[in-house]
Amino acid sequence: MNIASALIHKKFSDRAALFFRSAGKDSVPHFFKLHSENSLKGMFEKNAQFYIEHGLIEEYEQSLRRLTAYQPTVGVSITSLSAYRYAIAIHFTKHLAEIFRLTPEREMSIQTCLQEAFVNALVHGNLGIANEYDNASSLDSHYERIEHKLREPDYATKRIEIMAWKKADAIELAVFDYGTGLPSVLHSTQNNTAAHGRGLLIISSLADKMWIGDVPTSLYMRFGEKKINDRHK
Amino acid sequence: MDINMQRQNSHLTVHMSGQFTFNDNQSFKDVIAAATSDSVQNVTVDFAGVDFIDSAGLGMLLLLRDNCSHKNINVSLTNPKGQVEKIFSLSKFDQLFSIAG
């Protein structure tokens with residue numbers, strides 16, 4: 001690392017520490033750079049409350065503010081580019097399984113739903129791309145559109161935040177993107193043979209509750225509470 | 001995801017392992033290409049080694065099915081387990097594919 005990079009790195013850390021002290025919190029989030037899938041494997045052992053990928057100051061501070069405001073038990077903020085390259089949702093769920101002592105079935109449900117919400121936040125939310133492929137050629141075009149957008153810094157640096165709360169017997173999760181709102185989270189298909197649009201169906205089948213949060217670009221899911229029709233059993 | 005393909009006469013068997021997700025479109029293109037190559041009549045996709053699938057993976061399977069049906073190539077799925085079996089069930093994939101094991 002040369003002197004200029006070292007100064008920038010120190011500047012990032014100092015500002016983050018100041019931000020947290022001013023917010024009345026003692027803990028400092030864990031900042032990370034993603035070089036490969038392997039760097040995710042040991043990352044969550046830091047046991048931080050927040051994990052924030054290094055990036056543009058304005059954008060990671062925006063994430064810091066949101067994470068601080070919502071106070072999840074554990075939260076992650078990553079860029080869209082990293083979201084495309086690495087299976088963050090899967091690694092994050094493994095971490096939740098340890099700290100919340102999830103049953104294998106609960107872990108499976110959460111991992112599945114989080115992956116769907118996460119990809120939705122990336123593709124439809126931050127990148128604003130609809131699923132319009134119906135053959136191998138248009139699937140190629142779909143992924144080319146994704147990669148084309150990710151070559152633009154404005155899209156590549158857009159954040160996705162995943163937050164998890166332990167609430168009594170339930171686990172609550174939220175995925176936030178920085179897209180344009182509702183259409184990104186309501187993508188669904190009624191056509192069983194369509195090659196896309198199943199994400200929402202899967203989430204609504206596995207999660208006990210699903211809803212759009214107070215921020216339009218947020219999807220919440222709850223696991224562990226009895227469903228309404230089970231309450232009287 | 002790792003993919004291993006074996007061809008025996010007109011039958012192509014695709015052994016997959018790991019996680020089959022949104023990130024695997026490039027490698028699955030090779031499966032579609034191999035399945036629709038000359039003189040393949042049956043394709044079996046073996047999920048014994050797959051521990052996770054997302055809706056993008058389901059979509060890729062449906063694209064495989066569609067591409068093969070244009071050439072009257074039969075596609076079947078075998079040995080789904082755990083989360084994969086659950087997602088196939090939720091998505092009513094038994095109505096779209098022959099699923100065994």
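**Exercise 1.** Determine how many residue pairs are in polar contact across the interface of chain B and chain A.

*Solution.* A polar contact is a pair of N or O atoms within 3.5 Å; within protein, one must be able to donate a hydrogen and the other to accept it, and residues adjacent in sequence count only if both atoms are side-chain atoms. By this rule, five residue pairs are found across the interface, both residues at pLDDT 80 or more. Next, the elements of chain B that give two or more residues to the side touching chain A are helix H1 (25–35), helix H2 (55–69) and helix H3 (82–90); helices are DSSP runs of H or I with at least four residues, strands are runs of E with at least two, and both are numbered from the N terminus. H2(B) supplies the largest share of that side, ten residues.

The model is predicted: local features need pLDDT of at least 70, side-chain atom pairs count only at pLDDT 80 or more, and totals for chains, interfaces and linings use all residues. Residues are numbered from 1 along each chain as its sequence is written, and side-chain values use heavy atoms, with hydrogens and water left out.

**Exercise 2.** State how many residues each chain brings to the contact.

*Solution.* With contact meaning heavy atoms within 4.5 Å, chain A and chain B each take part with 29 residues.

**Exercise 3.** Describe how H9(A) meets H3(B).

*Solution.* The axes of helix H9 (residues 199–206) of chain A and H3(B) come within 10 Å and cross at roughly 110°. H9(A) is therefore roughly perpendicular to H3(B), a class that covers 65 to 115 degrees. From H9(A), A:Leu201, A:Ile202, A:Ser205 and A:Leu206 meet B:Lys86, B:Ile87 and B:Leu90 of H3(B).

**Exercise 4.** Which salt bridge joins A:Glu161 to its partner?

*Solution.* A salt bridge requires a side-chain nitrogen of Lys or Arg within 4 Å of a carboxyl oxygen of Asp or Glu. A:Glu161 pairs with A:Arg66 at 3.0 Å, N to O. A:Glu161 lies in strand E4 (residues 159–167) and A:Arg66 in helix H3 (residues 57–70) of chain A, 95 residues apart.

Note on methods
Chains lettered and ligands numbered in written order. Axes fitted to C-alpha atoms, helices over the stretch in contact; angles between N-to-C directions. Parallel < 35°, antiparallel > 145°, perpendicular 65-115°, else oblique.
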